[in-house]
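Here are a few friendly notes to read alongside the model. Please keep the sequence and the 3D view open as you go.

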Amino acid sequence: MRITVVGGGIVGLSCAHRLAEAGHEVGVVAAGKPEDSTSAIAGGLIYPPGTQPADRVARWTVAGVAQFRRLGAPGVRMVRGRLVLPEQTPEPAWAAAMEDVVVSGPALEFTTALVDTPVYLAWLAGRVAALGVRTEYRTLSSLGEVDAELVVNAAGLGGGALAGDDSVVPVGGQVVHLADPGLTEWVVHETDSAVTYVIPHGRHVVCGGTEEEGRIGVEPDAAVAADIVARCRALVPALAGARVLGTKVGLRPHRPQVRLDRVGDVVHCYGHGGAGITLSWGCADEVAALAGS
Ligand SMILES: Cc1cc2nc3c(=O)[nH]c(=O)nc-3n(C[C@H](O)[C@H](O)[C@H](O)COP(=O)(O)OP(=O)(O)OC[C@H]3O[C@@H](n4cnc5c(N)ncnc54)[C@H](O)[C@@H]3O)c2cc1C
């Protein structure tokens with residue numbers, strides 16, 4: 001079947017990969033390059049914070065952890081770390097996906113994949129191209145502009161507008177990159193008012209973060225950056241002398257629930273919020289199943 005995937009972030013590229021592997025004739029249409037997508041800003045920790053629907057998210061997370069472990073792709077490492085949730089939070093449905101998880105009170109320790117997203121996206125784009133997928137760079141104002149037997153709407157934040165769905169909103173996230181002093185674990189500390197995370201990738205550590213609903217611009221804020229660095233250094237004292245390498249802002253494609261369904265000749269797969277790296281392979285598997293043979 002002739003299929004066009006709209007979107008060249010992590011979700012679109014993973015869908016294109018699975019569909020091309022399944023023998024379809026696949027093209028990608030994207031407004032921008034993978035390195036300029038929200039996916040390239042992400043911290044790259046494989047776990048799905050607060051994403052719905054919980055049962056499907058848990059299933060997609062299991063698939064994602066397994067696939068990232070199996071891939072042996074550049075930029076991906078399996079690392080143990082610690083997630084501290086706000087007091088009284090019930091154990092998340094996805095926790096069972098982490099095979100060595102140890103739960104003690106509000107803290108969960110487990111091994112998961114850390115994805116250095118710019119490195120991994122470059123590799124994934126290369127794999128997709130090697131499977132014969134052509135990418136065309138243009139911005140669509142309607143899915144009807146695509147000439148294909150099946151269209152996959154994987155346009156992230158743009159996916160809502162293309163589907164006539166106004167429930168997708170940007171949730172801004174600012175991160176600061178520090179030089180990695182050789183950290184051997186990741187840490188996420190969630191409270192009711194803030195999430196602080198430290199995700200080491202070897203060449204740098206992604207430190208965060210913020211969750212700013214309705215944010216539009218991606219211009220970093222110096223005061224916010226200073227606050228992130230202070231929070232992360234308090235959480236991981238080994239970062240005390242680590243050099244600041246840069247600051248980035250991305251807009252998460254938030255939706256009350258991830259949309260993954262088929263309506264006629266369109267498969268919608270967007271609205272992954274703060275978990276699109278985690279859910280990319282699980283969702284791509286399901287998109288390929290919905291496409292059929
Ligand atoms: C600061 C921050 C930290 C994060 N950390 C994590 C994390 O640790 N783990 C995790 O799992 N997730 C994390 N995320 C979330 C993750 O980045 C997103 O869920 C994911 O990138 C969404 O991927 P996507 O491919 O759907 O969208 P995008 O990466 O935004 O890609 C969308 C694609 O669609 C194209 N497009 C859009 N509109 C159109 C149009 N009209 N026509 C043509 N093309 C179009 C764009 O050009 C782009 O190619 C984080 C996000 C942020 C901002």
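1. Start with helix 2, where Val 57, Trp 60, Thr 61, Gly 64, Val 65 and Phe 68 are buried (buried means 20 or more other C-beta atoms within 10 Å of the residue's own, exposed 12 or fewer, partly exposed in between, with C-beta atoms placed from the backbone). Viewed down the axis of helix 2, its buried residues fall within an arc of 140°, so they line one face of the helix; the arc is that of the directions from the helix axis to the C-beta atoms. Asp 55 and Arg 70, on the other side of helix 2, are exposed.

2. A word on ground rules. Residues are numbered from 1 along each chain as its sequence is written. This is a predicted model: local features need pLDDT of at least 70, side-chain atom pairs count only at pLDDT 80 or more, and totals for chains, interfaces and linings use all residues. Helices (H or I, at least four residues) and strands (E, at least two) are DSSP runs, numbered from the N terminus.

3. What do the buried residues of helix 2 pack against? Their partners are strand 3 (76-84), strand 5 (107-115) and helix 6, with contact meaning C-beta atoms, placed from the backbone, within 7 Å. Just after helix 2, Gly 72 has a positive phi of about 60°.

4. Now look at helix 6 itself. Of its 16 residues, 13 are buried, so helix 6 is largely enclosed by the rest of the structure. Gly 292, which follows helix 6, has a positive phi near 75°.

Notes
Two residues are in contact if their C-beta atoms, placed from the backbone, lie within 7 Å.
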